[in-house]
2 protein chains.
Amino acid sequence: MFDQIEAITHLDRLFYPRGIALIGASDNPVRGSSSFLQALIEAGFPRLYPVNPYFEKAMGLKCYANIYDIPGEVDLAIIGVPRQLVPKAVEGCIKKGVGFAHIFTAGFSETGTDEGIELESKLVNTAKGKLSLIGPNCMGIYCPRSRISWTRHHENISGDVALVSQSGGHATHFIELAAEKAMGISKVISVGNASDLNVSDFLKYLLADTETGIIGLYLEGFAQNEGRDFYNIIRRSNSRKPILVWKAGKTPDGARAVNSHTASLAGSYSMFRSAASQLGLLIVSSIDEMIESILALKTLPLPGGPRVAVLGIGGGQSVSITDHLSLLGFKVPVLERKTQERITQITTEAGTMAKNPIDASVASVDPQNIRDLLFAIIEDKNIDSVIFHQNVGFLPMWKKRGAYIDVARIRKDLVKAVEDVKENSLKPVLCVFTSRSNKVEAFKEWSSIRDTFQGKGIYVYSSIEKAAKVLLNLHIRNRVRRLPGATTRS
Amino acid sequence: MFDQIEAITHLDRLFYPRGIALIGASDNPVRGSSSFLQALIEAGFPRLYPVNPYFEKAMGLKCYANIYDIPGEVDLAIIGVPRQLVPKAVEGCIKKGVGFAHIFTAGFSETGTDEGIELESKLVNTAKGKLSLIGPNCMGIYCPRSRISWTRHHENISGDVALVSQSGGHATHFIELAAEKAMGISKVISVGNASDLNVSDFLKYLLADTETGIIGLYLEGFAQNEGRDFYNIIRRSNSRKPILVWKAGKTPDGARAVNSHTASLAGSYSMFRSAASQLGLLIVSSIDEMIESILALKTLPLPGGPRVAVLGIGGGQSVSITDHLSLLGFKVPVLERKTQERITQITTEAGTMAKNPIDASVASVDPQNIRDLLFAIIEDKNIDSVIFHQNVGFLPMWKKRGAYIDVARIRKDLVKAVEDVKENSLKPVLCVFTSRSNKVEAFKEWSSIRDTFQGKGIYVYSSIEKAAKVLLNLHIRNRVRRLPGATTRS
């Protein structure tokens with residue numbers, strides 16, 4: 001535990017190290033620290049020092065027999081040797097004056113065996129007061145600005161989103177998905193067993209970090225006494241930065257799994273939920289959902305309330321979307337009389353529904369109609385947000401049937417229409433594009449639409465479930481922002 | 001209302017008509033009954049009679065000015081004319097001696113307007129005792145054995161699965177997905193406003209129908225007094241055929257949407273749930289889930305209880321799957337000591353978890369290991385079913401990193417391993433293959449694996465959410481089968 005200023009000065013060195021030693025690295029890319037060496041070389045980090053007495057070179061770089069043989073300054077060592085050798089490797093780091101050791105190796109307290117627990121305790125005692133540990137049993141740190149990476153996703157752009165994760169797998173997934181969605185990252189930290197530096201330490205750092213604006217957490221549980229620290233840190237931050245949390249170990253069996261994974265105590269999920277709600281945390285239950293909510297927070301206005309308008313084609317589809325939204329606590333209220341009249345003027349066909357949900361039937365084929373309908377709806381006083389849904393297989397099917405339709409032109413006009421509404425609306429408009437087929441061809445069609453919208457900064461959703469969860473988080477963030485004492489940025 | 005024998009004799013003629021008249025058909029494939037004519041021609045139904053006084057021909061077939069000009073026998077008329085003209089068209093059908101009129105046209109009681117309600121009531125009175133109505137506001141019937149289709153999915157094979165739906169959109173989705181998964185269909189019926197023949201009539205028919213073994217229902221609600229009939233029909237069937245129900249209109253807003261869609265009264269969802277549970281109905285909440293549950297019922301043994309083993313790679317992933325299963329009421333219990341020992345002999349690596357969930361870590365790259373692990377697990381007395389999960393991007397990533405891996409061979413061996421276990425197991429084994437990327441390339445990879453397994457009769461799931469819902473329905477079906485008086489087929 002150190003105070004905030006110290007925390008920043010101290011951990012800045014971890015994310016911007018003068019040199020990195022890779023203990024146990026070799027040419028085999030799938031073992032130990034070698035995969036980190038490979039990733040760091042490709043990411044372009046310049047001062048890398050493999051340490052391995054059995055080789056002259058690793059991945060083309062000179063190998064040192066001992067860490068203290070390295071001539072340059074080393075602030076971070078990544079240790080990937082068999083667990084029995086880890087304490088000795090840490091002693092070497094101390095001798096060299098390294099500030100941080102990231103232990104990739106697993107097989108410590110998470111095994112639940114006496115041997116594993118003792119080994120971890122030995123490690124902590126060796127390090128105490130001399131060097132800070134990340135892990136063991138983790139992927140360590142990722143920081144695109146300083147070219148530190150553990151994956152081959154170098155297309156990652158730096159940005160203001162951070163993640164602290166008790167799972168290396170979920171953290172890697174976060175980095176990969178962020179790259180696909182061009183979401184910029186400040187820092188990702190995989191803490192594993194968190195025998196020394198823990199989630200709270202990194203959270204405190206990220207709350208003060210000027211490079212970070214939004215924080216995601218994947219939490220399995222806390223070590224004894226850590227919980228109170230954690231909640232106090234969040235309370236003191238006054239909701240300035242949005243914090244999204246995926247909490248695992250929600251049930252007794254889940255909690256037991258958590259203990260086998262990172263030796264954490266999951267605690268009661270209902271207590272977590274109640275604390276999270278008081279503190280204005282945004283709860284998610286997957287990495288996808290976390291990233292989709294973050295992108296929505298960055299690109300959409302917050303809704304003023306829970307009243308949603310649903311626009312699309314298909315009676316059954318309109319009903320099931322309405323059901324889904326209402327079950328989450330949203331309202332799908334009847335529109336104002338004048339809005340209904342405007343809608344009926346646009347959708348003249350029998351079989352349309354104008355009250356809300358709005359089934360625009362075949363009128364929704366024309367993007368000009370969609371534009372007019374969306375403008376009519378966002379002006380309605382009974383509505384706080386809009387969900388526009390469309391089955392992307394509909395147009396190609398019509399065309400196949402022999403209708404005279406220019407699918408490409410319609411798609412282009414639709415993007416323009418939605419863009420136009422978005423630029424002129426203080427209410428969020430979320431697009432749900434579904435594909436009813438699971439064929440590769442249908443997925444291609446869907447993803448080309450997604451990419452076109454994404455190119456304009458509009459993130460679309462593949463299901464109502466996903467859109468509804470995002471909308472719920474926008475709604476909660478709006479409530480948090482209004483709490484007395486809250487100082488928010490979005 | 002007619003009794004069971006009558007119902008069958010009567011409705012057989014609807015599904016196996018001697019001739020079909022298409023009232024209002026023209027060459028424009030996206031309007032009225034023309035799209036039905038187009039679909040029927042392509043499906044190869046031989047005795048089609050377009051009726052339209054303004055044209056000589058429609059889609060290459062001779063047009064009749066009046067239905068009673070048709071020389072052959074006509075058992076079914078599909079009516080797609082403006083709503084004001086529908087009652088007159090029905091009168092023509094009666095004059096011709098047609099037994100069934102399917103009204104595609106919308107704009108009746110579902111509009112909630114006096115005009116619409118009166119028009120529907122006029123229709124019903126005209127038909128009463130002379131002809132049976134399907135609809136209005138619906139897609140009518142689909143029967144691959146008799147070559148009756150409303151879509152262009154002619155690759156549909158006939159089989160023993162039926163659906164009755166209050167949404168034409170959802171019914172079409174069902175047919176499309178069934179085709180993709182090579183699931184054979186007996187009959188699909190879209191009933192729309194169900195002004196005459198309703199869900200209960202068709203359900204009674206399907207329960208007696210020798211071509212039908214499993215029944216799906218998409219229900220929005222009932223007309224006055226229909227509910228009791230419906231539940232009595234199901235009660236009397238003694239759970240012989242599995243019945244899967246998606247009930248919409250679960251909330252006040254959803255119920256209002258239902259009323260705008262098909263003029264039905266949704267009723268209380270909690271009352272529906274309690275009745276459904278007593279009657280052994282399997283509840284689903286989407287068409288995907290319905291089809292996935294049906295295919296599981298057809299291809300997997302039923303689990304003897306709620307205890308699941310979870311096998312795969314990744315600690316975080318194992319935890320979140322365990323959480324998800326436990327939240328649905330499943331148990332993920334600790335395995336027997338001897339099973340844990342067998343697992344530890346196979347997964348020698350540190351960082352594995354052997355208790356359950358089982359994180360086999362890198363050992364799961366070798367299909368022989370997966371085979372051995374699965375055999376060890378299904379023999380465990382604490383376990384009723386198994387979920388095996390794998391991220392399909394893992395192998396290609398390792399290969400990219402430079403590991404010596406023959407991805408194609410490993411994939412082939414994995415299919416063989418799972419097939420082998422499936423053939424020798426009385427417990428269900430469900431495969432969850434996830435793709436962490438949303439790129440087209442990743443989807444191709446995923447779908448090629450899915451198709452290979454599907455070719456062997458093994459249906460795989462793209463998420464734990466989907467697999468868990470399917471497993472829940474297998475579990476409920478097993479309980480239903482054991483109820484006193486139940487006479488089941490699967």
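Q: What makes the radius of gyration of chain A agree with that of a compact globule?
A: In this predicted model, chain A has a radius of gyration of 26 Å. A compact globule with 490 residues would have one near 23 Å, so the value for chain A agrees with that rule. Along its principal axes, the C-alpha trace of chain A spans about 80 × 50 × 40 Å.

Q: How many of the residues in chain A are called buried, and what makes a residue count as buried?
A: A residue is buried if 20 or more other C-beta atoms lie within 10 Å of its own. By that test, buried residues make up 54% of the 490 residues in chain A.

Q: Which residues touch the most other members of the largest nonpolar core?
A: They are Ala77(A) and Ala77(B), in a core of 285 residues. Take the copy in chain B: leaving out residues up to four places away in sequence, Ala77(B) touches Ala21(B), Ile23(B), Ile67(B), Cys93(B), Val98(B) and Ala101(B). Touching here is a matter of C-beta atoms within 7 Å. As a general background, nonpolar side chains tend to be buried together in soluble globular proteins.

Q: What share of the contacts in chain A joins residues 24 or more positions apart?
A: Among contacts with a separation of 6 or more, such pairs account for 74%. As for secondary structure, chain A comes to 17 helices and 17 strands.

Q: What makes up the side of chain B that touches chain A?
A: Here 58 residues of chain B are in contact with 58 residues of chain A. Several helices of chain B each supply at least two residues to that side, including H2 (34–43), H5 (168–180) and H16 (440–455). The largest share, 10 residues, comes from H11(B). Sorted by class, that side of chain B has 17 nonpolar, 26 polar and 15 charged residues.

Q: What are the confidence scores of the model and of chain A?
A: The model scores ipTM 0.88 and pTM 0.92. Chain A averages a pLDDT of 91, and 96% of the residues score at least 70.

Technical notes. Residues are numbered from 1 along each chain as its sequence is written. Chains are lettered from A and ligands numbered from 1 in the order in which they are written. Two residues are in contact if their C-beta atoms, placed from the backbone, lie within 7 Å. Helices (H or I, at least four residues) and strands (E, at least two) are DSSP runs, numbered from the N terminus. Ala, Val, Leu, Ile, Met, Phe, Trp, Tyr, Cys and Pro count as nonpolar, Asp, Glu, Lys and Arg as charged, and the others, Gly among them, as polar. pLDDT is the predictor's confidence in each residue, from 0 to 100. A nonpolar core is a set of buried Ala, Val, Leu, Ile, Met, Phe, Trp, Tyr and Cys residues joined through C-beta atoms within 7 Å. A residue is buried if 20 or more other C-beta atoms lie within 10 Å of its own, exposed if 12 or fewer, and partly exposed in between; C-beta atoms are placed from the backbone. The radius of gyration is taken over C-alpha atoms; the globule rule is 2.2 Å times the number of residues to the power 0.38.
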